[in-house]
Amino acid sequence: MKVSKERKLEIRKQLIESAIEIVTEKGFRSATMREISTKAGMGTATIYNYFPTKEKILFAYFEDKHSELDEVLSN
């Protein structure tokens with residue numbers, strides 16, 4: 001089954017939000033990819049299709065926030 005671009009962005013966002021919640025609760029080292037995917041309501045394999053590591057999730061979060069700030073400042 002093919003996933004639309006919109007759905008892919010939605011899944012990516014869900015994974016990042018779940019990661020932030022888990023990392024905030026447990027700390028970066030204690031958070032696991034399995035916990036993140038479960039909190040997002042995804043299968044464990046799905047998270048690896050989007051992010052190979054927890055570090056990549058964290059970088060994606062900061063890139064998104066940087067883009068949001070950039071957009072606000074340029075208006």
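Here is a short chat about a predicted model of one protein chain.

Reader: Let's start simple: how many helices and how many strands does the protein chain have?
Author: This is a predicted model, so keep that in mind as we go. From the N terminus on, the elements run α-α-α-α. The count for the chain is four helices and zero strands.

Reader: What does the C-alpha trace span along its principal axes?
Author: We're talking about the C-alpha trace of a chain of 75 residues. Along its principal axes, the trace spans about 40 × 35 × 15 Å.

Reader: And what share of the residues counts as buried?
Author: Here a residue is buried if its relative accessible area is under 20%. Ser18 is one example, at 5%. Of the 75 residues in the protein chain, the share that counts as buried is 23%.

Reader: Among contacts between residues at least 6 apart in sequence, what share joins residues at least 24 apart?
Author: A contact here means heavy atoms within 4.5 Å. Take the contacts in the protein chain between residues at least 6 apart in sequence, then pick those that join residues at least 24 apart. Their share is 47%.

Reader: I can see α1 and α4 meeting. Are they roughly parallel or roughly perpendicular to each other?
Author: Helix α1 covers residues 5-26 and helix α4 covers residues 54-73. Their axes come within 10 Å and cross at roughly 105°. An angle from 65 to 115 degrees counts as roughly perpendicular, so α1 and α4 are roughly perpendicular.

Reader: Which residues make that contact between α1 and α4?
Author: On the α1 side you'll find Arg12, Leu15, Ile16, Ala19 and Ile20. By class, the residues of this contact divide into seven nonpolar, no polar and two charged. On the α4 side, the contact is made by Ile57, Ala60, Tyr61 and Asp64.

Reader: Which elements give two or more residues to the lining of the largest cavity?
Author: The lining is made of Ala19, Ile20, Val23, Phe28, Ile36, Lys54, Ile57 and Leu58. By class, that comes to seven nonpolar, no polar and one charged. The elements giving two or more of the lining residues are α1 and α4.

Reader: Back to Ser18: which residues is Ser18 in contact with, leaving aside its neighbours within four places in sequence?
Author: Ser18 is found in helix α1. Its relative accessible area is 5%, so Ser18 counts as buried. Leaving aside neighbours within four places in sequence, Ser18 is in contact with Ile36, Lys39 and Ala40.

Reader: What about Leu9, buried or exposed?
Author: Leu9 also sits in helix α1. Leu9 and Tyr50 are 41 residues apart in sequence and 9.9 Å apart in space, C-alpha to C-alpha. With a relative accessible area of 58%, Leu9 is exposed.

Reader: How far apart in space are Glu6 and Glu35, C-alpha to C-alpha?
Author: Glu6 is found in helix α1. At 59% relative accessibility, Glu6 counts as exposed. Glu6 and Glu35 are 29 residues apart in sequence, and their C-alpha separation in space is 24 Å.

Reader: Where is Thr38, and what separates its C-alpha atom from that of Asp64?
Author: Thr38 has its place in helix α2, residues 33-39. It counts as exposed, at 54% relative accessibility. Thr38 and Asp64 are 26 residues apart along the chain, and their C-alpha atoms are separated by 22 Å.

Reader: Last one: does Asp70 count as buried or partly exposed?
Author: Asp70 lies in helix α4. Asp70 and Thr24 are 46 residues apart in sequence and 25 Å apart in space, C-alpha to C-alpha. At 47% relative accessibility, Asp70 counts as partly exposed.

Definitions and conventions. Residues are numbered from 1 along each chain as its sequence is written. This is a predicted model: local features need pLDDT of at least 70, side-chain atom pairs count only at pLDDT 80 or more; totals for chains, interfaces and linings use all residues. Side-chain values use heavy atoms; hydrogens and water are left out. Axes are lines fitted to C-alpha atoms, for helices over the stretch in contact, and angles run from 0 to 180 degrees between N-to-C directions. Angles under 35 degrees count as roughly parallel, over 145 as roughly antiparallel, 65 to 115 as roughly perpendicular and the rest as oblique. Ala, Val, Leu, Ile, Met, Phe, Trp, Tyr, Cys and Pro count as nonpolar, Asp, Glu, Lys and Arg as charged, and the others, Gly among them, as polar. On a 1 Å grid over the protein atoms alone, a cavity is a set of points where a 1.4 Å probe fits but cannot get out, and a pocket is an open set with protein on both sides within 12 Å along at least five of seven lines; lining residues have an atom within 4 Å of a point. Buried means under 20% relative accessible area, exposed over 50%, partly exposed in between (1.4 Å probe, protein chains only).
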